Amino acid sequence: MSDVLDLTLELIRRRSVTPADAGCQVLLAQRLARAGFAIEHLRHGEVDNLWATHGSGGPTLVFLGHTDVVPSGPEADWASPPFEPMVRDGRLYGRGAADMKGSVAAMALALERFAAAHPHHPGRVALLLTSDEEGPTNLDGVRRVAEVFRLRGERLDWCVVGEPSSKQRLGDLIRVGRRGSLSGTLTVRGVQGHVAYPEKAKNPIHAFAPALAELAATRWDEGNADFPPTSFQVSNLNAGTGANNVIPGALVAQINFRYATASTAADLRARTGAILDRHGLDWQLDWNLSGEPFLSPAGGLLRETVCAVCRELCAVQPEQSTGGGTSDGRFIAPLGAEVVELGPVNATIHKVDECVAVEDLERLPALYQAICERLLG
C-alpha cells in the first residue's frame, strides 16, 4: 500500500462530518511536526484549524484544504460503509475520498518530502486546514483564520487549493478564479385574511410574483473574458399557514447571486432593492456576502507553474476555469495571494459511493511536490 493511500484511509475512517474534525488534524500535525514543521492550532468555536509551516523569510506557498466532509446520507444506500474505506476495481470508496481527504493526504506527503529534500529552502511552505468548509456559514474556518492572518501581517504569496477540480482525468482542469456569492433572505409582508374576502387582505405571494418575474428575467451583466454572466436564483420560497382558506401574512424567499467581476455586491443589492420598490412591495432583505469573486492573473507565476506541472506530469493541457461554486480560496485571495485549485476528478463528490481513482491519488503528491520544487526548490 502506498503512503498516500494509507494516510487517506486513516483520514476517511475518522467520521469528521462538518464541523467535526474527529482527530484528522492532530494526526496530520503529528506527522508534520516530526518532519520539522512548526504547528499552530487555531480553534474557533466548534471548528478546528491547523497552520503548519516550514522555513522562514521570503515568499510563502500554502496548500489549503479541509478535513470536514458532508453527511453520507442513508448508509444502506452505499455499496460499502462510507466511513470504512474500501478499494474496489482500482477506486477508493468512502466519504471524503475525493472531497477532499485524498488531496489533504497528498499535500501533507508532498510537504514532508519537499522539506526532507530541501531542509534549507528559501521562503516558507505551509499547510492550512479547516473543519468548516462544508458547513452552511464558514464563519469559524478559513474566513476567521484569514482575519487572524491579516491582523498579524502573515505573508501569503501563492495558494494551492486541493479541491477536486478535474473533470475526466487528473489535471485536465484547474480553477484560476471563482465567482462571488451573495445571498439574501427576503421577507415580503402582506395582510393575512380569509381567502373568501381578498379585499380585506393583501396576498404577498401575488404581490411578489411580478417582481420575481423581473428579477429572474434581468440580465445583471454580460460577464467578461474570464467569467460568465452573473446568475440569480431563488433557492427557497415559503408562505402560508398550511390551511387552504387563509391568505398568508408574509412570504420568505432565499435568493442567491453568483456574480462575476463585471458586477459588485453593492450594485446587485441596489438593483434588487430598486426592483422590489418598483413593484410597491413592503419588503425587508437581509444580505450575506459569502465571498467576493477572485481571479489569479494570466501569466501569474503560480498559474503558469501549475499548468506546466499538469502538462509534464499528467500529459494534459489543463483548461483554466472560473466555474463551479465557491471554495475557501475566496478568503485567501484578498490577502494578496495568487490562488489556483488543483485536485482529483470531481464526478462523485457529495454523492453516494464517493470515490477516487487510486492511480490519480498516488500521482497527486508528485504534482504538489513539483509545484513546491519549481517555486521554492
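View 1. Skip the neighbours within four places in sequence, and Ile371 is in contact (heavy atoms within 4.5 Å) with Leu61, Val160, Leu302, Thr305, Val306, Val309 and Leu342. This is a predicted model, so local features need pLDDT of at least 70 and side-chain atom pairs count only at pLDDT 80 or more, while totals for chains, interfaces and linings use all residues. Residues are numbered from 1 along each chain as its sequence is written, and side-chain values use heavy atoms, with hydrogens and water left out.

**View 2. The largest nonpolar core.** A nonpolar core is a set of buried Ala, Val, Leu, Ile, Met, Phe, Trp, Tyr and Cys residues joined through side-chain atoms within 4.5 Å; buried means under 20% relative accessible area (1.4 Å probe, protein chains only). The largest one here has 57 residues, and Leu61, Phe63, Leu92, Tyr368 and Ile371 touch the most other members. Helices (H or I, at least four residues) and strands (E, at least two) are DSSP runs, numbered from the N terminus.

**View 3. The largest pocket.** On a 1 Å grid over the protein atoms alone, a pocket is an open set of points with protein on both sides within 12 Å along at least five of seven lines, and lining residues have an atom within 4 Å of a point. This one has a volume of about 530 Å³, counted as the space filled by probe spheres set on the points, which are joined across faces, edges and corners. Of its 29 lining residues, Glu133, Glu134, Gly325, Thr326 and Ser327 lie nearest the centre. The lining splits into three nonpolar, 15 polar and 11 charged residues. Here Ala, Val, Leu, Ile, Met, Phe, Trp, Tyr, Cys and Pro count as nonpolar, Asp, Glu, Lys and Arg as charged, and the others, Gly among them, as polar.

**View 4. The second largest pocket.** About 190 Å³ of space lies in here. Helix α4 (142–152) gives the most to the lining, with four residues. Among the lining residues are Arg143, Arg150, Glu292 and Arg330, and by class there are four nonpolar, two polar and five charged.

**View 5. The largest cavity.** A cavity is a set of points where a 1.4 Å probe fits but cannot get out. This one has a volume of about 30 Å³, and its lining is Leu64, Gly65, His66, Met100, Glu133, Val161, Glu163 and Asp328. Strand β3 (residues 60–66) supplies the largest share, three residues.

Conventions
Buried means under 20% relative accessible area, exposed over 50%, partly exposed in between (1.4 Å probe, protein chains only).
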